[in-house]
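The stops below are given in the order in which to select them.

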Amino acid sequence: MIVNYGEPNNALDSSSRSINETVNGSHNFTIRGYSLAKGMGSGKYVSSDTFSIGGYDWAIYFYPDGKNPEDSSMYVSVFIALASEGTDVRALFELALLDQSGKGKHKVHSHFDRALESGPYTLKYRGSMWGYKRFFRRTSLESSDYLKDDCLSMHCTVGVVRTRVEGPKLYSVNVPPSDMGQSLKHLLDAQLGCDIVFQVGKESFKAHKLILAARSPVFRAQFFGLVGNPNSHKVELEDVEPSIFKALLHFIYSDELPDCHEIIDSTSTSSAIMMQHLLAAADRFGLDRLKLLCEAKLCEEVSADTVATTLSLAEQHHCPQLKSICLKFAATNLGVVMQSEGFGHLEQSCPSLLSELLETLALVDEKSNLVSGKKRSGSSILGLNLAADGAAESVNLINGRRLRRRV
């Protein structure tokens with residue numbers, strides 16, 4: 001028998017390779033009201049929102065009085081926990097406490113910048129954690145640049161180890177991604193074959209009836225419906241800003257959101273306000289995908305200054321998820337929200353929402369007395385919201401069990 005250990009040289013030979021790699025992702029966690037979290041007691045923590053990396057859910061646990069009773073609150077503890085079901089999940093971790101002075105001297109503990117003698121860390125079950133019981137001496141932390149305006153910020157990176165096997169490929173055909181959107185956008189930018197002009201305020205925009213009709217049922221009815229006028233060559237639009245209509249055309253032709261910064265620079269407005277106007281325009285012209293994209297963006301950008309107007313918009317244009325996010329945010333930040341300019345408009349335009357806001361406030365108080373931020377790529381703890389009896393409630397995840405406790 002002849003054994004050949006070289007490269008395969010006939011149809012009977014084959015080869016494969018095992019590839020070990022990490023699926024990486026990051027999460028920013030901000031704790032506002034750090035001084036209010038102190039005094040919870042050792043072993044008690046505030047946690048981030050859960051975030052997904054590598055097919056698993058994770059969370060950051062911060063212990064302001066330390067994890068161990070024997071440390072007597074001398075240290076703060078920080079851990080990354082597996083928050084979903086999993087067995088022997090192998091991962092690399094990095095925890096960074098961010099320097100808020102602008103000097104960039106972050107406190108970093110990382111698996112990624114060095115070779116691990118025993119390999120990646122293994123988490124055995126839901127609730128398993130990696131981190132540091134003595135992450136930072138508390139007196140040093142409170143006098144450092146890591147704490148500013150009673151606020152701490154952390155950056156967490158998780159790299160879940162994955163193994164895959166690659167076999168031989170019998171072909172190699174590189175298929176480029178679709179460029180249909182770019183091609184159609186070129187027609188718009190170059191104004192090739194345009195057959196309709198929109199007059200929006202003092203600006204005019206040329207476009208193509210067929211493309212507009214293919215993308216929008218409203219334009220389809222206007223140009224080719226029973227009540228439309230296919231011979232019209234000019235349309236005047238009211239109640240829409242030129243910059244918003246330009247963004248609308250960009251989406252119709254490219255199926256992508258425009259660069260918000262270009263529009264913001266030209267209109268001197270915020271990203272959230274631009275998205276509010278664009279959502280209203282998308283609803284007006286029946287562009288459901290654009291409407292959902294705007295809704296998602298606004299869910300990420302809810303703030304005390306904009307939540308009242310966004311809530312009114314969500315009610316008017318039937319955006320249930322955005323409405324729910326706004327109600328929860330307003331309920332947990334009611335004092336600040338009531339002082340915003342938009343709250344007066346909300347009282348006048350949608351008085352029924354005030355009743356829903358009160359119901360949400362009661363529900364939030366009933367479920368938890370921890371004030372939490374909205375769901376997003378980062379999260380924040382604003383501080384403890386005390387109940388009527390002065391006690392705060394927290395929900396902890398230990399070894400896969402949810403324990404509700406009174407602090």
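**Confidence.** This is a predicted model, so colour the chain by pLDDT before anything else. The average over the protein is 82, and 84% of the residues score at least 70. Now select residues 368-407, where pLDDT stays under 50. The model has 98 contacts beyond four places in sequence for this stretch.

**The largest nonpolar core.** Select Phe198, Leu212, Phe245, Leu248 and Leu278 and show their side chains. This core has 56 residues, and these five touch the most other members. Helix α6, residues 242-254, supplies the largest share of the core, with 8 residues. Next, centre on Phe245. Which residues does Phe245 contact, leaving aside its neighbours within four places in sequence? They are Phe198, Val200, Phe205, Phe219, Leu237 and Val240.

**Another core.** Move to Ala37, Ile80, Leu152 and Val160, which are among the 32 residues of another core, lying apart from the largest one.

**Helices α10 and α13.** Select residues 307-316 for α10 and residues 341-349 for α13. The two helices pack with their axes 7 Å apart, at an angle of about 30 degrees. Angles under 35 degrees count as roughly parallel, and α10 and α13 are therefore roughly parallel to each other. To see the contact, show Ala308, Thr309, Leu311 and Ser312 on the α10 side, which meet Gly342, Phe343, His345, Leu346 and Ser349 of α13. The residues of this contact comprise 4 nonpolar, 5 polar and no charged.

**Two residues with positive phi.** Most residues other than glycine have a negative phi. Select Asp150, in the loop between α2 (138-142) and β10 (151-166). Its phi is near 60 degrees, a positive value in a residue other than glycine. Is Asp150 buried, partly exposed or exposed? Asp150 is partly exposed, with a relative accessible area of 27%.

Then go to Gln191, in the loop between α3 (180-190) and β11 (196-200). Gln191 is also not a glycine and has a positive phi, near 55 degrees. The relative accessible area of Gln191 is 44%, which puts this residue in the partly exposed class.

**Ser324 and Thr360.** Finish in helix α11, residues 320-332, and pick Ser324. Ser324 is partly exposed, at a relative accessible area of 30%. Draw a C-alpha to C-alpha distance from Ser324 to Thr360: the two are 36 residues apart in sequence and 9.0 Å apart in space.

Definitions and conventions: Residues are numbered from 1 along each chain as its sequence is written. This is a predicted model: local features need pLDDT of at least 70, side-chain atom pairs count only at pLDDT 80 or more; totals for chains, interfaces and linings use all residues. Side-chain values use heavy atoms; hydrogens and water are left out. Axes are lines fitted to C-alpha atoms, for helices over the stretch in contact, and angles run from 0 to 180 degrees between N-to-C directions. Helices (H or I, at least four residues) and strands (E, at least two) are DSSP runs, numbered from the N terminus. Angles under 35 degrees count as roughly parallel, over 145 as roughly antiparallel, 65 to 115 as roughly perpendicular and the rest as oblique. Contact means heavy atoms within 4.5 Å. Ala, Val, Leu, Ile, Met, Phe, Trp, Tyr, Cys and Pro count as nonpolar, Asp, Glu, Lys and Arg as charged, and the others, Gly among them, as polar. Buried means under 20% relative accessible area, exposed over 50%, partly exposed in between (1.4 Å probe, protein chains only). pLDDT is the predictor's confidence in each residue, from 0 to 100. A nonpolar core is a set of buried Ala, Val, Leu, Ile, Met, Phe, Trp, Tyr and Cys residues joined through side-chain atoms within 4.5 Å.
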